[in-house]
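Biologist: Please put the model on screen. I would like to go through its rings.

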Amino acid sequence: MTDKHTHNKQIHKEQSSHKDKEDSVNIDLTNVKEFYKKNSKTILTVTLILIPIILSIFFRAYPAYLPATDEWAEDSVYSNIQSNILSQINQQYPNLPNTNKNKLVDEEFNKALKNNKDEIDKQVTELSSYFKSRMQDDSGQTYLLAIDPYFYLRHVNNYLEYGHAGTVYTNEIEDSSAQEIRSANVDFSKKASWDGQRLAPVGTPTSMSFNAYFGLMVHKFLSLFNKDQSPMASMFLIPIIICSLAVIPAFLIGRKLAGNIGGFLSATMLAINANLLGRTAGGFSDTDSYNILFPLLIAWLFIESLIQKSIKKRIIFASLAGLATGLFAFAWVGWWYFFDFIIGSIVIYLAYLIIKDLTKNKKIKEILKEKSLINYLKSAVTYVLSTGVFVSLFSSFKIFIKAPIGPLNFLLLKQVATQTLWPTIRTTVAELNSASFNQVLNSVGGSLFFWIAVLGIILPFVMIKKNKEISIQMSILLSLWFIGTIFASKSGIRFVLLLTPAFTIAFGIAIGLLYKKLMVWTPKALGIKKNATKIMLLIIIALLLIAPLRAADSVAKREIPNMNDAWYNTLTKISTETPEDSIINSWWDFGHWFITIGDRQVTFDGAGQDSYMAYWVGRSLLSNSEEKTLGILRMVDCGNNNAFIVLDGQLEDTPKSIDILNNIITMNKNSAKQELLNYIPEETAEEVLKYSHCEAPENYYITSNDMVGKSGVWAHFGSWDFNRASMYKSVKKLNEAEGTQLLTLDFGLDQESANSYYYQIQNTEADQWIAPWPNYVSNKKSCQVNEEGIICNINVGGQQIPFIIDSKTMETKVYGSNDEVYPYSLVYATETGIMERKYDSPGIPYTIALIPEENGFSSVMMMPELALSTFTKLYYYGGHGQNCFSLFNEARQVTGGDIYTWKVDWTCQQTTNIFEPAKAKNSEEIRASHILIKTDTRTSEEALAEITNIQNMLTDDNFGALAQEYSEGPSSAAQGDLGYFGKGLMVKEFEDSAFELEVGEILEPVETQFGWHLIQRVE
């Protein structure tokens, strides 16, 4: 009885508990429903903002994981399998037609994929990991994507070390005489930040930029949670953060004019715009993301000011818009373009209001007293005044008052030989090349999307009745934005990016307004239910987003860093193995890398695309005289361009000063002084010599693969003709009689030459007339050697032309031609140096360089000016026959490009011979192969047992075959071959063991963090 009562009581208790839970769930669900009902608008708004923010972060985070390497690895592994299959088929069926062979290859390849899927997938994964590792630091952090982000990274590093952007304060420089020459406008008695590593050896003023400050704040915040947080990892996140923030004002503007759909699409199109993604992916920590955020923020705040009924709120929002403009001026030098758009839209809108009232026969006095006009003027005036205050505060008042003439400076951006005789380096910046209208269309996703956006500018005039003031104001602003940025793109393709915010807003407005209109019209006109109409329209909108999403995915996947282990290790070696006062000389592009990673002074870089150094460094690369190259390097390392500044300050004749310097730099100091005394007083001569013939610090001269493609640029500057520049500048604006007279009297030309020159000057672009653009016209390619001679197939303008070279006589002509067709010349190596053989009546106006290789020859074709250039001798001929350069380091990038670092020997006591074995060129490099058994999926003991079994199978000639079959490293595809590597590139246990081996020797198993290795030294 008691047990039964207890049992019934327990059942009642459980039922009661279950009922309480049900009631609790019902109450909770009711609360949720009530909360959603009360806050549905807020929840919807937050959701619509969060989706584009998530999309923005998602795509911009791709470079952190480098998905492109997965495709590389798959292509590489698949290609290797197909190659092996083809090789086997060729052995079995040598006479089989190619069509049949290809069919067999496809069949066998598909079988291999099916039967060995796990093993192949494993190879792909390992190879992809290897590729990733070459573009990431030791912690697995992807390197910053571009070059300029390292400029800001260095400022962050300097601030953390020195407390400011530079390396020293101006008033702390003991002897600032050299700095005062190069930077005459700086007061060195006052405390200001000075960067002693740029424009070596004098330095340049510097300061913390907005981007650097923002990166510093991000880094300090993240360091609170991770004490090992690196500044580079923090800087990597900047574009992800900024572009995610930019989505918010884009949404708010779009929603204000076209509802939630308009806001959502404005924000989403901004988040996934492929053109924008290419400049703002993670690691692209430049100023581009600010060019998106601030214009949108300024536009939203200004528009908000216009719709406020309270004067106080109008002034607050207008002032905040001015604050955002001031921050924009701090963030980017081109800030004025959007400020000018705002001012232009204000003026046009005021004109619209006045004209509209005048058509109603109102008098000016009446119009000026209207409340709407007065309120508008309060917002406009507040914005202009607050902008003036904040721009002056964050930058300077001078910068603010120059905003109206910003477009004029923009138009003069690439003009040559107008203000100075020195070359204008901006003419060679790829980002400043003119963009076609098709490129503009492609930047926004194509013509359909562009014209939808144009519709979004027009529709607010027609469709929006409420808040007419802001709809018209926004349409005017968007019109100026579109027209202005499209015009700007004609002066530089990078300015197409500035169109993106305007496009996304206009696109969102167009779709949002059309959605609203169709939601009203469709049910009435077609009898379709409202919910069905909504679903149909939302599906159409979703379909519109498919193409931009695919484009975003494609672009984001291709984003990889320019920096890689080869560059990083090269520069790290410089930073650890050279004196602190050493100077790196090379072309300017990678200057920020040289300073930030190499931690050494550089002659010039991307933030100081200096015309002076463009000429001198370009000339050092182009010169066919080692003595001239050495003299230039000594002069720039002694005082940058100070020798010229001092000399020309006395002569006031730029061409003459340049000629004198080019003459004396190959002389010893006493001879140079005697030459200078023919033109200037002794005191001035001594000062010139101080900056041209000092005891120069160590110099490291870098020639790299990227400079081949840029040869037309550095060779153009290196061949700059100052006399021609002077003619062009003097004659361009004169009529024919005045121009030819000046050419005969001032430049000593005869009448016929003067007439010819005048015509050329009037009808040729300055940089085309003043100096040529010599370049390499083919890639380096292997040649074949047979009994007839050396056969080199060279690609000339897309056409393969075979040349035959007699290795004894060096006779060169087109192979197989009925006529004897010769190149301009042949460059080749002898035991003592590089020689050039020129041909009479050349049929092809180019030079062929025949380059000795370990197993034969390779060739490259170039314009004759480059034939015996310093760059050709150092990069292609390995410094053969040069006495003033010794190879300091050689590295090959994961993408295949070579990097050669040369130490300059000021005494010219070096002997370099291309015919020596590769090992002799760099005694610190070896070549090795290995077999790896990993320990990530097995114990160390198990891995050791497996590697020991493999070791027992080794014979004198099967190491490569066993590596290909058993090795779990990415090098297995290359039969374990790791290529050449120097010290500091491998983990310590592997490196120590490999360098102890003799050539051909195989070491006992060695354990590293990756697993157990068998190592064989190859060379």
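Modeller: The structure holds 66 aromatic pairs. Rings of Phe, Tyr and Trp (its six-membered ring) pair if their centres lie within 6.5 Å; planes under 30 degrees apart count as stacked, over 60 as edge-to-face and the rest as tilted. This is a predicted model: local features need pLDDT of at least 70, side-chain atom pairs count only at pLDDT 80 or more, and totals for chains, interfaces and linings use all residues. Residues are numbered from 1 along each chain as its sequence is written, and side-chain values use heavy atoms, with hydrogens and water left out.

Biologist: What kind of pair do Tyr159 and Tyr213 form?

Modeller: Their ring centres are 6.3 Å apart. Their planes meet at 70°, so the pair is edge-to-face.

Biologist: Is Tyr159 buried, partly exposed or exposed?

Modeller: Buried means under 20% relative accessible area, exposed over 50%, partly exposed in between (1.4 Å probe, protein chains only). Tyr159 has 25% relative accessibility, so it counts as partly exposed.

Biologist: What kind of pair do Phe397 and Phe400 form?

Modeller: The centres of Phe397 and Phe400 are 6.2 Å apart. With 40° between the planes, the pair is tilted.

Biologist: How far is the charged end of Lys191 from the ring centre of Tyr169?

Modeller: A charge sits over a ring if NZ of Lys or CZ of Arg is within 6 Å of the ring centre and within 35 degrees of the ring normal. Lys191 sits over the ring of Tyr169, and the distance to its centre is 4.4 Å.
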